[in-house]
Amino acid sequence: MAPMTVDAEALARAADLLASSSHAIALTGAGVSHESGVPTFRGKSGLWTKIGEPRSDGFERFMSDPEGWWKERLFGERDPDIQDLMDKLHAAKPNPGHYAMAELEALGVLRHVITQNGDDLHRQAGTTSLTEVHGNIYWLRCPGCGLRWHEDDLVVDPEALPPWCPEPGCGSPVKTDSVGFGEPVPRAHLQRCELETDRADVFMLAGTSAVVYPVAYYPQLAAQRGVPLIEIDPEPTALSDWATVILRGPSGEVLPQLVEAVRERLPA
Ligand SMILES: [Zn+2]
């Protein structure tokens with residue numbers, strides 16, 4: 001299938017906004033990873049629609065019995081649909097949309113990416129200024145002090161569960177970084193999102209249905225300040241009415257075209 005052509009006028013307008021911005025930021029959601037084979041959770045073909053949302057007391061269970069939580073995680077039986085999801089997440093590779101985001105950062109245009117995705121694909125593509133609001137499947141986190149480690153840097157010993165935070169004076173059990181149902185989004189993530197939103201002068205939305213709070217607030221807050229929103233999505237979203245420019249199409253096709261248009265507008 002030939003790549004779809006994005007509306008040229010809208011593309012030019014979005015590129016103008018980005019090229020003349022001083023602090024453009026982006027919010028990305030599951031749609032950005034869809035082209036990498038990562039299943040979506042919500043919507044008509046979403047996993048939670050199919051098997052129901054996971055129980056929402058996971059974080060409570062972790063806090064009251066971290067050893068049991070880890071044992072269930074490492075040795076418990078897993079729903080085949082969840083196992084399939086984990087396999088797909090671990091096998092996924094960044095697509096042209098992720099690389100385009102990283103390129104916009106390298107060009108000095110995109111200053112920060114807030115993502116709802118925990119699949120690591122923005123990192124793998126090279127984005128460095130990143131808030132993973134819902135965590136990252138390859139990382140671990142201490143809910144006590146908020147420190148995070150890549151799984152290679154903090155060994156989880158199945159014989160000595162749970163792993164404990166090595167930070168002096170903390171002593172909390174460590175969990176996986178992914179923010180589970182019923183678990184509050186870590187405070188440091190929210191603070192970073194607020195800071196970036198306050199500084200933003202262009203706000204790009206890609207592949208997010210913009211219905212999951214708190215992240216759905218940020219583009220609204222920016223729009224209320226008069227910050228232009230650029231929406232990139234194949235379908236209308238809850239924020240389409242707020243958007244200054246809408247680029248209809250999958251981000252893996254739209255974003256590379258947008259990067260080229262931005263590049264043409266930057267001083268050589
Ligand atoms: Zn800690």
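**Figure 1. Pro162 sits in the loop between S5 and S6.** The model shown here and in the other panels is predicted. A cis peptide bond joins Leu161 to Pro162. Its omega is about -5 degrees.

**Figure 2. Four cysteines hold the zinc ion.** The zinc ion is coordinated by the SG atoms of Cys142, Cys145, Cys165 and Cys170. The distances run from 2.2 to 2.3 Å. Along the sequence, the donor residues follow the spacing C-x2-C-x19-C-x4-C. The 4 donor atoms subtend angles of 102 to 116 degrees around the zinc ion, so the arrangement is tetrahedral. Cys142 is buried, with a relative accessible area of 0%. Cys145 is partly exposed, at 37% relative accessibility.

**Figure 3. Strands S5, S4 and S6 form an open antiparallel sheet.** The order of the 3 strands is S5-S4-S6. Strand S5 (148-150) and S6 are the edge strands, and each pairs on one side only. S4 and S5 are antiparallel and share 3 bridges. Trp139 stands opposite His150 of S5. In general, strands of a sheet pair through backbone hydrogen bonds, either parallel or antiparallel.

**Figure 4. Glu183 and Arg141 form a salt bridge.** The closest N and O atoms of the pair are 2.8 Å apart. Glu183 lies in the loop between strand S6 (175-176) and helix H9 (187-199), while Arg141 belongs to strand S4 (residues 139-141), so the pair ties together parts that are 42 residues apart in sequence. Glu183 is buried, with a relative accessible area of 9%. Arg141 is buried too, with a value of 4%.

**Figure 5. Glu132 and Arg123 meet in a salt bridge.** The N to O distance is 2.7 Å. Glu132 is buried, at 3% relative accessibility. Arg123 counts as partly exposed, at 30%. In general, side chains of opposite charge can pair when their charged atoms come close. The whole structure holds 15 salt bridges.

Figure 6. Arg192 is partly exposed, with a relative accessible area of 34%. Glu196 is buried, at 2% relative accessibility. Elsewhere, salt bridges that share partners join Asp120, Arg123, Glu132, Arg141, Arg148, Lys175, Asp177 and Glu183 into one network.

**Figure 7. Asp120 has a positive phi.** The angle is about 75 degrees, although Asp120 is not a glycine. Asp120 is placed in the loop between strand S2 (110-115) and helix H8 (121-125). Asp120 is buried, with a relative accessible area of 12%.

**Figure 8. Tyr213 and Pro214 are joined by a cis peptide bond.** Omega is near 10 degrees. Pro214 lies in the loop between strand S7 (202-206) and H10. Tyr213 also belongs to a nonpolar surface patch, together with Tyr217 and Leu221. The accessible area of the three residues together is about 320 Å². Leu221 lies in helix H10 (residues 217-224). Leu221 is partly exposed, with a relative accessible area of 44%.

**Figure 9. Side chains alternate along strand S9.** The strand covers residues 245-248. Val245 and Leu247 point to one face and are buried. Strand S8 (residues 229-233) runs parallel to S9, and 4 bridges join the two. Ile246 in S9 is the bridge partner of Glu231.

How values were computed: Residues are numbered from 1 along each chain as its sequence is written. This is a predicted model: local features need pLDDT of at least 70, side-chain atom pairs count only at pLDDT 80 or more; totals for chains, interfaces and linings use all residues. Side-chain values use heavy atoms; hydrogens and water are left out. Buried means under 20% relative accessible area, exposed over 50%, partly exposed in between (1.4 Å probe, protein chains only). Two strands pair if DSSP finds at least two bridges between them. Patches are made of residues with over 30% relative accessible area and no salt bridge: like charges are joined within 9 Å, nonpolar side chains (Val, Leu, Ile, Met, Phe, Trp, Tyr) within 5 Å. Accessible areas come from the Shrake-Rupley method with a 1.4 Å probe; for residues, only the protein chains shown count as cover. A salt bridge is a side-chain nitrogen of Lys or Arg within 4 Å of a carboxyl oxygen of Asp or Glu. Donors are N, O and S atoms within 2.8 Å of the metal (3.2 Å for Na, K and Ca); water is not among the atoms, so sites may look incomplete. Four donors count as tetrahedral if all angles lie between 85 and 135 degrees; four count as square planar and six as octahedral if opposite donors are over 155 degrees apart and all others between 65 and 115; anything else is irregular.
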